[in-house]
Amino acid sequence: GQLQFSGQPRALFAQPEFLTTQQLALPAAVAFAKQLQTAGISQFNQLPLTLDELAHALARQLKGDHHEQ
């Protein structure tokens, strides 16, 4: 095989078209976070890559702290 992408995971998952062409899917946390954004329920400064990151981001938002990391 050949290297198709070189970079940070966040940069990779920010390119859904590239993932599709490579027959890859978004991690569950990223897919769910994107659904929340599309529905206008939640916004993320940085998409969470893991379920733990998603849980922490949502907990901060519920507490009213919208300054995520």
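Author: Here we go through the labels one by one, each with its cut-off.

Author: Ground rules first: this is a predicted model, where local features need pLDDT of at least 70 and side-chain atom pairs count only at pLDDT 80 or more, while totals for chains, interfaces and linings use all residues. Residues are numbered from 1 along each chain as its sequence is written, and side-chain values use heavy atoms, with hydrogens and water left out.

Reader: What makes the pattern of the protein α-α-α-α?

Author: Helices (H or I, at least four residues) and strands (E, at least two) are DSSP runs, numbered from the N terminus. By that count the protein has four helices and zero strands, and reading along the sequence gives α-α-α-α. The C-alpha atoms fill a box of roughly 45 × 20 × 15 Å along the principal axes.

Reader: Why is Gln61 called buried?

Author: Buried means under 20% relative accessible area, exposed over 50%, and partly exposed in between (1.4 Å probe, protein chains only). Gln61 has 13% relative accessibility, so Gln61 counts as buried. You'll find Gln61 in helix H4, residues 51-62. Across the protein, buried residues make up 23% of the 69 residues.

Reader: And Ser42, buried or exposed?

Author: Ser42 comes in at 5% relative accessibility, so Ser42 is buried. Ser42 sits in the loop between helix H3 (28-38) and H4.

Reader: How do you know that the side chains of Ser42 and Gln61 make a polar contact?

Author: A polar contact is a pair of N or O atoms within 3.5 Å; within protein, one must be able to donate a hydrogen and the other to accept it, and residues adjacent in sequence count only if both atoms are side-chain atoms. The side chains of Ser42 and Gln61 come to 2.2 Å, so the pair qualifies. The Gln61 side chain also reaches the backbone oxygen of Gln43, at 2.6 Å.

Reader: Which residues does Ser42 touch?

Author: Contact means heavy atoms within 4.5 Å. Leaving out residues up to four places away in sequence, Ser42 touches Leu36, Gln37, Leu58 and Gln61. For the protein, among contacts between residues at least 6 apart in sequence, 16% join residues at least 24 apart.

Reader: What makes Gln37 partly exposed?

Author: Gln37 has a relative accessible area of 21%, so Gln37 falls in the partly exposed class. Gln37 lies in helix H3. The C-alpha atoms of Gln37 and Pro48, eleven residues apart along the chain, are separated by 12 Å.

Reader: And why is Gln23 called exposed?

Author: Gln23 has a relative accessible area of 75%, so Gln23 is exposed. Gln23 lies in the loop between H2 and H3. Phi of Gln23 is near 60°, a positive value in a residue other than glycine.

Reader: How many aromatic pairs does the structure hold, and why is the pair of Phe5 and Phe18 called tilted?

Author: The structure holds one aromatic pair. The rings of Phe5 and Phe18 have their centres 5.9 Å apart and their planes at 45°, so the pair is tilted. The rule: rings of Phe, Tyr and Trp (its six-membered ring) pair if their centres lie within 6.5 Å; planes under 30 degrees apart count as stacked, over 60 as edge-to-face and the rest as tilted. The pair links distant parts of the chain, with Phe5 in the segment before helix H1 (9-13) and Phe18 in helix H2 (residues 16-21), 13 residues apart. Phe5 is at 24% relative accessibility, so Phe5 counts as partly exposed.
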